[in-house]
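Colleague: I am new to this model and would like to go through it one piece at a time. Could we put it on the screen before I start asking?

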Amino acid sequence: MILVVDVSGSMAAGDVQPTRMQAAVHAGQTLIDKLPGQAQVGLVIFNSSVSVVSPLTTDHGSVKDALDQLTPGGGTAIGDAIQVSVAQLANVLDAKVKTQSHAVVVLLTDGTSNTGMDPAQAAGQAKQAGVPIDTVGIGQRNQPTLLGGRLVDGVDEQALQAMAPATGGRYFFAADDSRRTRVYSAEG
């Protein structure tokens, strides 16, 4: 599993308590806790650019620690993040160490991409590679929120709902703790 976490500026919004960023960090850490001990997990973060914080590893603690260090800022390049994440999983798929059903990208975002590759195009590449993308919408539905004197959009569910099934993945809305718990149960 590659966790792909949005660290763009809109993730500082407080429409999910305490912030979208902290909700995404908590979701990622809880998903890691649900993984079997020898399962590999990697961490990719993105704003205007993409960084592989942790390549695939069985050291779940180090990935959880890396999640604790994330801070939001910048634009949102969802397509670029998907492309990098699929490349991280390509070695696992090529080596046929695991079946494709065990390789997955979990995208934690508010879903509004504004730079880089078109997310739909990146999702098409993921589908061709046999990598499903589970998308998790972080934020409130249809409710812009004030952040630093400007309005930021709520979750772009339309984009996330289109991307997930197009790749064989699932979409989850995670505005509150009870909904996030259902995400963890579905992933486990």
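Colleague: Does A122 count as buried or exposed?

Modeller: This is a predicted model, in which local features need pLDDT of at least 70, side-chain atom pairs count only at pLDDT 80 or more, and totals for chains, interfaces and linings use all residues. Residues are numbered from 1 along each chain as its sequence is written, and side-chain values use heavy atoms, with hydrogens and water left out. A residue is buried under 20% relative accessible area, exposed over 50% and partly exposed in between (1.4 Å probe, protein chains only). The relative accessibility of A122 is 1%, so A122 counts as buried.

Colleague: What share of the contacts in the protein with a separation of 6 or more comes from residues 24 or more positions apart?

Modeller: The protein has six helices and eight strands, and its elements run β-α-β-β-α-α-β-α-β-β-β-α-β-α from the N terminus on. Among contacts with a separation of 6 or more, the share from residues 24 or more positions apart is 75%.

Colleague: In what order do the six strands of the open sheet lie?

Modeller: The edge strands are β3 (50-57) and β8 (171-173), each of which pairs on one side only. Two strands pair if DSSP finds at least two bridges between them. The pairing in this open sheet is mixed, and the order is β3-β2-β1-β4-β5-β8.

Colleague: Which residue in β4 is the bridge partner of I2?

Modeller: Strand β1 (residues 2-6) and strand β4 (residues 105-109) run parallel and are joined by four bridges. V4 stands opposite L107 in β4. For I2, the bridge partner in β4 is V105.

Colleague: And in β5, which residue is the bridge partner of T109?

Modeller: β4 also pairs with strand β5 (residues 133-137), in the parallel sense and over five bridges. The bridge partner of T109 in β5 is G137.

Colleague: How many of the five residues of β4 are buried?

Modeller: In a regular strand the side chains alternate between the two faces of the sheet. On one side of β4, V105, L107 and T109 are buried, and on the other V106 and L108 are. Both faces of β4 are thus covered, and the number of its residues that are buried is five.

Colleague: At about what angle does helix α1 run to β1?

Modeller: Axes are lines fitted to C-alpha atoms, for helices over the stretch in contact, and angles run from 0 to 180 degrees between N-to-C directions. Helix α1 (residues 20-34) lies across β1, β2 (41-46) and β4, and its angle to β1 is about 170°.

Colleague: Within what arc do the buried residues of α5 fall?

Modeller: Helix α5 (residues 157-166) has the buried residues E157, L160, M163 and A164. They line one face of the helix, because seen down its axis, by the directions from the axis to the C-beta atoms, they fall within an arc of 135°.

Colleague: Which exposed residues does the face of α5 turned away from the buried side carry?

Modeller: On the buried side are E157, L160, M163 and A164. The face turned away from them carries the exposed residues Q158 and P165.

Colleague: With which side chain does the side chain of E157 make a polar contact?

Modeller: At 12% relative accessibility E157 counts as buried, and R141, Y171 and F173 are in contact with E157, its neighbours within four places in sequence left aside. A polar contact is a pair of N or O atoms within 3.5 Å; within protein, one must be able to donate a hydrogen and the other to accept it, and residues adjacent in sequence count only if both atoms are side-chain atoms. At 2.8 Å, the side chain of E157 makes such a contact with that of Y171.

Colleague: Over which residues does pLDDT stay under 50?

Modeller: pLDDT is the predictor's confidence in each residue, from 0 to 100. Its mean for the protein is 88, and 87% of the residues reach 70 or more. It stays under 50 over residues 97-101.

Definitions and conventions. Contact means heavy atoms within 4.5 Å. Helices (H or I, at least four residues) and strands (E, at least two) are DSSP runs, numbered from the N terminus.
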